[in-house]
Amino acid sequence: MGKVFVFDHPLIQHKLSYIRDKKTGTKEFRELVDEIATLMAFEITRDLPLEEVEVETPVGVAKTKILSGKKLGVIPILRAGLGMVDGILKLIPAAKVGHIGLYRDPKTLKPVEYYVKLPSDVEERDFIVVDPMLATGGSAVEAIECLKKRGAKNIRFMCLVAAPEGVKAMEEAHPDVDIYIAALDEKLNDHGYIVPGLGDAGDRLFGTK
């Protein structure tokens, strides 16, 4: 069963408070999302495998460790997930970036994929799927399904704010996927928005309505 990690790091919680504030403008909102993504990436990569190497220092030879060549991929769910990509790449610049675009069918209200572009070696990579919000869970569930259909084996999901309903939907659909959350909020309202949440992450990132 996948695990759910809710981060309690003081810097993450501090920056999240400003993201929630409706007075925070687009520029600052974007910068804060980027910064939180970097801090979360630090935690999410904690268990990456290492291998021992020898490095010649100015004084002698050190036995030290480097990442053991694990291939990583970052997959933002369009469009709001784009706001988290650069923050992760600051720590893992060699990661490949794919994209998954989904829209909600107006009749069924189910997410439908309209754009999927992934690294060619899907089966060999560990993927981090990112989206600022996990509300109903529909988009995240479908995005991970898109990856699995194309051969992905190891997937993690990372978001800023989640509702219990979204976490439950993810656990039921993809019990093998670990979920990393900066804040687990109270509930969804009648319109599918997370309460207290932070509004529409895409609109606040890109200055649209």
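The structure is a predicted model, in which local features need pLDDT of at least 70, side-chain atom pairs count only at pLDDT 80 or more, and totals for chains, interfaces and linings use all residues. Residues are numbered from 1 along each chain as its sequence is written, and side-chain values use heavy atoms, with hydrogens and water left out.

**Overall architecture**

- The protein chain contains six helices and 13 strands; helices (H or I, at least four residues) and strands (E, at least two) are DSSP runs, numbered from the N terminus.
- For 209 residues, a compact globule would have a radius of gyration near 17 Å, and the value of 18 Å for the protein chain agrees with this. The radius is taken over C-alpha atoms, and the globule rule is 2.2 Å times the number of residues to the power 0.38.
- The C-alpha trace spans about 65 × 40 × 30 Å along its principal axes.
- Of the 209 residues, 44% are buried, where buried means under 20% relative accessible area, exposed over 50%, and partly exposed in between (1.4 Å probe, protein chains only).
- Among contacts (heavy atoms within 4.5 Å) with a separation of 6 or more, 62% are between residues 24 or more positions apart.
- UniProt, in an unreviewed entry, lists residues 6-208 as "domain: Phosphoribosyltransferase"; UniProt positions are given in the numbering used here, feature names are shortened, and annotations may be inferred rather than shown by experiment.
- Residues 6-208 are 33% helix and 32% strand, and the end C-alpha atoms of this span lie 29 Å apart.

**Nonpolar cores**

- A nonpolar core is a set of buried Ala, Val, Leu, Ile, Met, Phe, Trp, Tyr and Cys residues joined through side-chain atoms within 4.5 Å.
- The largest such core has 37 residues, and Ile19, Met40, Ile88, Met158 and Leu160 have the most contacts inside it.
- Elements that each supply at least two residues of this core include helix H1 (10-20), helix H2 (26-44), helix H3 (82-89) and strand E10 (154-162). The largest share, eight residues, comes from H2.
- Apart from this core lies another, of 25 residues, among them Leu102, Val129, Ala143 and Ile179.
- Leaving aside neighbours within four places in sequence, Ile19 is in contact with Phe29, Leu32, Val33, Ile36, Leu160, Leu198 and Arg204.

**Helices H3 and H4**

- In H3, the buried residues are Gly83, Met84, Val85, Gly87 and Ile88; they pack against H2, E4, strand E5 (96-97), E8, E10 and H6.
- Helix H4 (residues 138-149) has 12 residues and should span 16 Å at 1.5 Å a residue; its end C-alpha atoms are 16 Å apart, which agrees. The expected span is 1.5 Å times one less than the number of residues.
- Ala140, Val141, Ala143, Ile144, Cys146 and Leu147 are buried in H4.

**A buried aspartate**

- Asp126 lies in strand E8 and is buried, with a relative accessible area of 11%.
- The side chains of Asp126 and Asn154 are joined by a polar contact of 3.2 Å. A polar contact is a pair of N or O atoms within 3.5 Å; within protein, one must be able to donate a hydrogen and the other to accept it, and residues adjacent in sequence count only if both atoms are side-chain atoms.
- Beyond its neighbours within four places in sequence, Asp126 is in contact with Lys70, Lys71, Leu72, Gly73 and Asn154.

**Cis peptide bonds**

- The peptide bond from Leu78 to Arg79 is cis, with omega near 0°, and Arg79 is placed in the loop between E4 and H3.
- Val195 and Pro196 are joined by a cis peptide bond with omega of about 0°; Pro196 is in the loop between strand E13 (194-195) and H6.
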